[in-house]
Amino acid sequence: MTAEVLRVPPELSAREPAEQRASGQGRDAVRLLVSRGAAEPSHHAFKELPRLLSAGDVLVVNTSRTLPAALDGRIGDGRGRGEPVVVHFSTRADRQHPRPEAAAGDWAVELRTPDGCGSTRQRAGGPAGTVVRLPGGARLELRAPVERGGVRLWWARVSGAPVAELLRRYGRPIRYGYTDRDQPLDAYQTVFAVGSPDGGGSAEMPSAARPFTASLVARLVSRGVQIAPVTLHTGVASAEAYEPPYPERFAVPPSTAWQINAARAGGGRVVAVGTTAVRALETAADANGRIRAASGWTELVVTPERGVRAVDGLLTGLHEPQASHLLMLEAVGQVAAGADFGDALCRAYAEAVRRRYLWHEFGDLHLILPS
């Protein structure tokens, strides 16, 4: 892709949910760009999805629930002085976390600066030992950067109250400056979201599934399209830095593994809903693409060089030019195209810009299918 093709004008950011952009419309009132292998992209309404899939296909959806992961705090002495910050809680470590710097119970957090308009600006984290006073008398202390030499995400320890309780009482969904205003937490939940027994969830919404409604799911099922759940708790992305994904917790249940293997044996296609579903599935796939039940932490980064083994198609949002997710799109697309998908992806994104598709979590979607 060239920078020119992927220069996305600011006005193409979706500033509010689809159901608020037009009276009487629902979540599914978004557009769908469809890439079929190396062919020219086509344009559809998202409500047309059932006729774009076939009986026997499997849609793999992420059931992780979005957390109210943004919390106001202040660096200072707890007496109203000091720098105001917004803490974005990303990922809670446990004893199985693959990074040795992460102690059980620590949280990976990002500190950001309030912009005065309800959103935030990027700031560097640290140094180690920095204390942030949180609501309810709680206290957060930064321990070490998540990545050696990193400045954005830090491992932190919270005392004075459980983080889950702090987020429930005082938290709100993470919001970036391209949106117009705060939205209720329900606006960031998908129709597939379910609560986790340990209170876990995603710092940011698995947004590719947001436009689905109960009625659209019913139409898909009546057409013979299967729905298979996985879970991957997403961490905090970066609207500015575009780092590769960090380790995230995932689970592929035995029933989903069986369902996908049976569908592929019968000639059905496996279409992941979101890059998070791809990451979970590919972590659970063996070298031949057979899915096994699996859970734990995944550090997998899907690239065109690594390729995909278990996924035939992908339904995803439109990603920024420097986003590492584009490598995953190319990996899925080259399976669909049977060749390098870079040029086809470039054409698709050029068409999306030309036809004024909307970007980000409340925006339009892109479906990548085999020819």
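## Helix 6

In this predicted model, the buried residues of helix 6 are Thr275, Thr276, Ala277, Val278, Arg279, Ala280, Leu281, Glu282, Thr283 and Ala284. Because 10 of the 10 residues of helix 6 are buried, the helix is largely enclosed by the rest of the structure.

One of these residues, Arg279, takes part in a salt bridge with Glu248, in which the N to O distance is 2.6 Å. Since Arg279 belongs to helix 6 (residues 275–284) while Glu248 belongs to strand 12 (residues 248–252), the pair ties together parts that are 31 residues apart in sequence. Both partners are covered: Arg279 is buried with a relative accessible area of 2%, and Glu248 also counts as buried, at 11% relative accessibility.

## Overall architecture

The protein as a whole has eight helices and 16 strands. Its radius of gyration is 20 Å, close to the 21 Å that the globule rule gives for 371 residues, so the protein is as compact as a globular protein of that length. Taken along the principal axes, the box filled by the C-alpha atoms is roughly 60 × 40 × 40 Å.

Of the 371 residues, 54% count as buried, and the protein exposes about 15,400 Å², of which carbon and sulfur atoms supply 50%. When contacts are considered between residues at least 6 apart in sequence, 70% of them join residues that are at least 24 apart.

## Charges and salt bridges

The protein carries 44 positive and 39 negative charges, and the mean positions of these two sets are 4 Å apart. The structure holds 24 salt bridges, among them the Arg279–Glu248 pair described above. Salt bridges also link Arg99, Glu147 and Glu299 in a network.

Another salt bridge joins Arg168 to Glu165, with the closest N and O atoms 2.7 Å apart. These two residues are three residues apart in helix 3 (residues 163–170), and are therefore separated by about one helical turn. In terms of accessibility, Arg168 is exposed, with a relative accessible area of 59%, whereas Glu165 is partly exposed, with a relative accessible area of 30%.

## Glu351 and its surroundings

Glu351 lies in helix 8, where, at 16% relative accessibility, this residue counts as buried. The side chain of Glu351 meets that of Arg355 in a salt bridge, with an N to O distance of 3.3 Å.

If residues up to four places away in sequence are set aside, Glu351 touches Pro41 and His43. For a view across the model, Glu351 may be set against Gly76: the two are 275 residues apart in sequence, and their C-alpha atoms are 49 Å apart in space.

Most residues other than glycine have a negative phi, and most peptide bonds are trans. With a relative accessible area of 40%, Arg356 is partly exposed.

His360, which is likewise not a glycine, has a positive phi of about 80 degrees, and its place is in the loop between helix 8 and strand 16. At 19% relative accessibility, His360 counts as buried, the cut-off for that class being under 20%.

Pro127 has its place in the loop between strand 7 (120–122) and strand 8 (131–133).

Technical notes: Residues are numbered from 1 along each chain as its sequence is written. Side-chain values use heavy atoms; hydrogens and water are left out. Helices (H or I, at least four residues) and strands (E, at least two) are DSSP runs, numbered from the N terminus. The radius of gyration is taken over C-alpha atoms; the globule rule is 2.2 Å times the number of residues to the power 0.38. Buried means under 20% relative accessible area, exposed over 50%, partly exposed in between (1.4 Å probe, protein chains only). Contact means heavy atoms within 4.5 Å. Accessible areas come from the Shrake-Rupley method with a 1.4 Å probe; for residues, only the protein chains shown count as cover. Lys and Arg count as positive and Asp and Glu as negative; His and the chain ends are not counted. The place of a charge is taken as NZ of Lys, CZ of Arg, CG of Asp or CD of Glu. A salt bridge is a side-chain nitrogen of Lys or Arg within 4 Å of a carboxyl oxygen of Asp or Glu.
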